[in-house]
Amino acid sequence: MKYMLLIYTDWDEGPAVGSPEQQAEHEAYLTYTRDLAATGKLLAGDALQGTDVATTVSVRGGTTITTDGPFAETKEVLGGYYIIDVDDLDEAIAWAARIPGATWGKIEVRPVMDIPDM
Amino acid sequence: MTRGGVGTPARTLTPVDGSADADPGGEPIGDGPDPAGGPDITAAVTHAEWHRVVATLMRQTGDLQLAEDATQDAVEAALAQWPVEGLPTNPTGWLTTVARRRAIDRLRRDQRRVDKEELRHRLEADATGAGDAPDVAALTDPDQLVDDQLRLLFLCCHPALGPEAQIALTLRAVAGLPTPAIARAFLVPEPTMAQRLVRAKRKIAVAGIPFRVPDDDLIVDRLQAVLTTVYLIFNEGYASSQGAALLHPELCDEALRLGRILRGLLPDEAEVAGLLALMCFTHARRATRVDDQGVLVLLEDQDRTRWDRALLAEGDEALRPHPLAPGSGPYRVQAEIAAVHVRAPDAAATDWRAIASLYGGLLRLTDSPVVALNHAVAVALADGPDAGLALVDELAAGGRLDGYYLVPATRADLLRRLGRLDEALGAYRTALTGAPSAPEQAFLRGRIRALEAVASTGSG
């Protein structure tokens, strides 16, 4: 089964930019991603820039409306994701729990919809 | 078609259920056509067999709804047939065989399923004895059956499901309680409960919650989740959110039955034995918790001759192979506390020092403020009300039990024992404003009246 692991974090809670803690977390992400890829279960994964540089787009009546900022102003924002292909939810939870950000943020585990011909 | 249906499960399952659960392999219960195959015994046997059949069907189909529906079909067939023909030699095998045939029929009729052909073939291949004389030995392989039942319990109590969903699923899929009965017990409209069950089953299927016994690194946590669900069901029988009165005895009966099933499946787990014993000791006192006028009766004032001897013995027997040890878990420790209480010949003989020490240990395991309050009470009875009051005040200052009526109620009782009657009266009145149920309110009003009488005598 395919799952998306969405990494939600509050930037105020995490290691400070440029700190040794941040460097350590970076290393931990690299190790985690390598381990996950080595199992052949990693389909995709990325880290995202912050919501301070997000742009929100909608189309109403044929007009594209572009606004500065995220869709929703929340403290905990999507900071990155992995898409994995594993046996079941227990395995997905186990991989989610190993994501470095899980110790200070939260990981949402979402099954990926299986749509034929897509 | 149905006679009585599973909507009216027999309340007294002890002999049949007890022996069947002690041996998950399923010893023959009846012996050919038997006058004991009447509608009551049929309802009792099918109720006792429900979880085994659902568990097997769940393994074979991977679809909990289908497993339940097919099991329901088989139970209805049994209710029609057994009273006429007598109990089959192997009820588990009989029900499983019929349920599988009905599952195949249901798959054949189901137009929407894309995987139905594959599933049907698997079921038919599994049907080693689909003929008239099913190979019951193969159907009820004891190890497989134990495994399937555990998988079913772990599935229903998976932490990815909310507590309410876990309880509802466990009562439906494992205990075999019909949805309307579950709805009544939890005071929600039937469609609400039905919806809760549908949503839970959808999440199991869509989110890929596995039907398997968790790996070693998970099993301790997952087993605690199962035990918590069973204990919540038990407490809901006493409407724990509402008070001491036993409002839903069927929930207590089902929780005890689940406890016995678990013990049969996991005889080496001290926590499983602890939970069963805890429920036995608590339930043994059910007739004495509230008096004829509906007033709460404290443990120390309960008529011990009216405690249920059979349940007390069952609790003792469950604990015997699992002596308390330094690594004992919270249910085993709580069972020990209950055991110390019920083993005392009278309230005065209660070993409060032992209970205080056990609560101290439990507090380290759980860090629960309610346990801290019980610890304070035990310390008060072991070392005097002063020592207890200091702990209660410390706990109240912590703020974690704000609004919980038992804090002022406990303070009031300790102040009364210390002779500080004015303060005690005030604390009882505070407690009364927060007391959730009629028996507790009646008890507190009685205490207030008694103190007011003393006060007026003293001043007059």
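Visitor: Why is B:Ala344 called buried?

Guide: Buried means a relative accessible area under 20%, exposed means over 50%, and partly exposed lies in between, with a 1.4 Å probe and protein chains only. B:Ala344 has 7% relative accessibility, so B:Ala344 counts as buried. This is a predicted model, in which local features need pLDDT of at least 70, side-chain atom pairs count only at pLDDT 80 or more, and totals for chains, interfaces and linings use all residues. Residues are numbered from 1 along each chain as its sequence is written, chains are lettered from A and ligands numbered from 1 in the order in which they are written, and side-chain values use heavy atoms, with hydrogens and water left out.

Visitor: Where is B:Ala344 found, and what does B:Ala344 touch?

Guide: B:Ala344 is in the loop between helix H15 (330–343) and helix H16 (352–366) of chain B. Helices (H or I, at least four residues) and strands (E, at least two) are DSSP runs, numbered from the N terminus. Contact means heavy atoms within 4.5 Å. Leaving aside residues up to four places away in sequence, B:Ala344 touches B:Arg304, B:Ala349 and B:Thr350. The C-alpha atoms of B:Ala344 and B:Arg304 are 9.5 Å apart in space, and the two residues are 40 apart in sequence.

Visitor: What makes B:Lys201 and B:Glu68 a salt bridge?

Guide: The term requires a side-chain nitrogen of Lys or Arg within 4 Å of a carboxyl oxygen of Asp or Glu. For B:Lys201 and B:Glu68 the N to O distance is 2.8 Å, and the pair is a salt bridge. B:Lys201 belongs to helix H10 and B:Glu68 to helix H3 of chain B, 133 residues apart, and the pair thus links distant parts of the chain. B:Lys201 is buried, since its relative accessible area is 11%. B:Glu68 is also buried, at 2% relative accessibility.

Visitor: Which residues are joined into one network?

Guide: B:Arg417 also meets B:Asp413 in a salt bridge of 2.9 Å, N to O. Both lie in helix H19, 4 residues apart, which is about one turn of the helix. B:Asp413 counts as buried because its relative accessibility is 15%. Salt bridges that share partners join B:Glu300, B:Asp413, B:Arg416, B:Arg417 and B:Arg447 into one network. Over all chains, the structure holds 33 salt bridges.

Visitor: How do you know that chain B and chain A are in contact?

Guide: By the contact rule, 10 residues of chain B are in contact with 7 residues of chain A. The two chains bury about 650 Å² between them, 56% of it on carbon and sulfur atoms; buried area is the accessible area (1.4 Å probe) that two parts lose on being put together, summed over both. In chain B, the residues that lose the most area to chain A are B:Ala207, B:Gly208 and B:Arg212, together 45% of what that side buries. There are 2 salt bridges between the chains. A:Asp90 and B:Arg222 form a salt bridge, with the closest N and O atoms 3.1 Å apart.

Visitor: What makes a nonpolar core, and how many residues has the largest nonpolar core?

Guide: A nonpolar core is a set of buried Ala, Val, Leu, Ile, Met, Phe, Trp, Tyr and Cys residues joined through side-chain atoms within 4.5 Å. The largest nonpolar core has 107 residues, and those with the most contacts inside it are A:Leu5, A:Ile84, B:Leu64 and B:Leu171. Helix H3 (residues 64–85) of chain B gives the largest share of this core, 10 residues. A second, separate core has 26 residues, including B:Ala412 and B:Ile448. In soluble globular proteins, nonpolar side chains tend to be buried together.
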